[in-house]
Amino acid sequence: MSISKNRWMTFAETVEEPPPAVEETPAFAPVGATRPQLSVPQPDAADRLPHWNVSGITPDYWWLGVHGGAGETSLARLDKNTRAAEHRWPITAAGSTVVLVARSNMSGLRAAQLAATEWASGSLPGTHIAGLVVLADAPGRLPKEIREFARVIGGGVPHLWHFPWIEVWRFGHDVPPEDLPKEARTVLDQVRIATNTAAGLPAN
């Protein structure tokens, strides 16, 4: 799917820019779509993520990396009550709450766009998306083009968070949640709130 075909482009360009995730209060409201939309077609079969029929696994929510190297495993290690979905939609009888994860580059964001579109098509009954976490793929400020495209994709999911660069992850080291930068800890706190809200929504 090309950027020009993104159904949220007009929305993202006409509404007031939301404040950065780290400045929101715990009672923050969704900034994007909270449920599948009418008339949204599925991506082509080759662009869809595989499904995983899960039984006996009941995490609080799933981190779904929408491409290889997205960072879902690193995020799951920060909270033993969550689990990495291994780049597959976790399908359960009771429904699943999912947080999409992508790297902060154009290919990663395009993969997130496809995953958000697949969910928006209504083809994943019982799956609730809490939002999209964009993990920094390099230290420093994101280029304007990346920030703007991430904002466009964020219009298709309830929440958008930017997770900062964690240098020790580059070397394969874990870091305790309490030792993360404040910005990262705030994102994790807000994800927890958003997943609790998403879990209470009616099934698709």
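Helix α3 is mostly covered: 13 of its 15 residues are buried. Here, buried means under 20% relative accessible area, exposed means over 50%, and partly exposed lies in between (1.4 Å probe, protein chains only). The model is predicted, so local features need pLDDT of at least 70 and side-chain atom pairs count only at pLDDT 80 or more, while totals for chains, interfaces and linings use all residues. Residues are numbered from 1 along each chain as its sequence is written, and side-chain values use heavy atoms, with hydrogens and water left out.

**The whole protein**

- The protein has six helices and seven strands. Helices (H or I, at least four residues) and strands (E, at least two) are DSSP runs, numbered from the N terminus.
- From the N terminus on, the order of elements is α-β-β-α-β-β-β-α-β-α-β-α-α.
- Of the 204 residues in the protein, 49% are buried.
- The accessible surface comes to about 10200 Å², and carbon and sulfur atoms hold 52% of that. Such areas come from the Shrake-Rupley method with a 1.4 Å probe; for residues, only the protein chains shown count as cover.
- Take the contacts between residues at least 6 apart in sequence: 78% of them join residues at least 24 apart. Contact means heavy atoms within 4.5 Å.

**Helix α3 and what follows**

- α3 covers residues 106-120. From first C-alpha to last, α3 reaches 21 Å, close to the 21 Å expected at 1.5 Å a residue. The expected span is 1.5 Å times one less than the number of residues.
- Ser 121 lies in the loop between α3 and β6. Ser 121 is buried, because its relative accessible area is 19%.
- Which residues does Ser 121 contact, leaving aside its neighbours within four places in sequence? They are Val 40, Pro 41 and Gln 42.
- Ser 121 and Gln 42 are 79 residues apart in sequence, yet their C-alpha atoms are 5.5 Å apart in space.
- Gly 122 follows α3 and has a positive phi, near 80°.

- β5 spans residues 96-103. Eight of its eight residues are buried, so β5 is largely enclosed by the rest of the structure.
- In a regular strand the side chains alternate between the two faces of the sheet.
- Ser 96, Val 98, Leu 100 and Ala 102 point one way from β5. Thr 97, Val 99, Val 101 and Arg 103 point the other way.
- β5 and β6 (residues 127-135) run parallel, joined by eight bridges. Two strands pair if DSSP finds at least two bridges between them.
- Val 98 has Ile 129 in β6 as its bridge partner.
- The chain passes from β5 through α3 to β6, and this β-α-β crossover is right-handed. That label applies if, with the strands pointing away from the viewer, the path from the first strand over the helix to the second runs clockwise.

**Strand β2**

- β2 (residues 61-65) also runs parallel to β5, with four bridges.
- Leu 64 stands opposite Leu 100 in β5, and Gly 65 stands opposite Val 101 in β5.
- Three bridges join β2 to β3, and these strands run parallel. Tyr 61 stands opposite Thr 82 in β3.
- Both faces of β2 are covered. Tyr 61, Trp 63 and Gly 65 sit on one side, with Trp 62 and Leu 64 on the other.

**Nonpolar cores**

- The largest nonpolar core has 30 residues. A nonpolar core is a set of buried Ala, Val, Leu, Ile, Met, Phe, Trp, Tyr and Cys residues joined through side-chain atoms within 4.5 Å.
- Leu 64, Val 66, Trp 89, Leu 100 and Leu 132 have the most contacts inside the largest core.
- β2, β5, α3, β6 and α4 (144-154) each give two or more residues to this core. The largest share, seven residues, comes from α3.
- A second, separate core has 24 residues, including Ala 76, Ala 130, Ile 166 and Leu 188.

**The loop between β3 and β4**

- Glu 86 sits in the loop between β3 (82-84) and β4 (89-91). His 87 is found in this loop too.
- Glu 86 has a positive phi of about 60° although it is not a glycine. His 87, also not a glycine, has a positive phi of about 65°.
- Glu 86 is partly exposed at 42% relative accessible area. His 87 is partly exposed at 27%.
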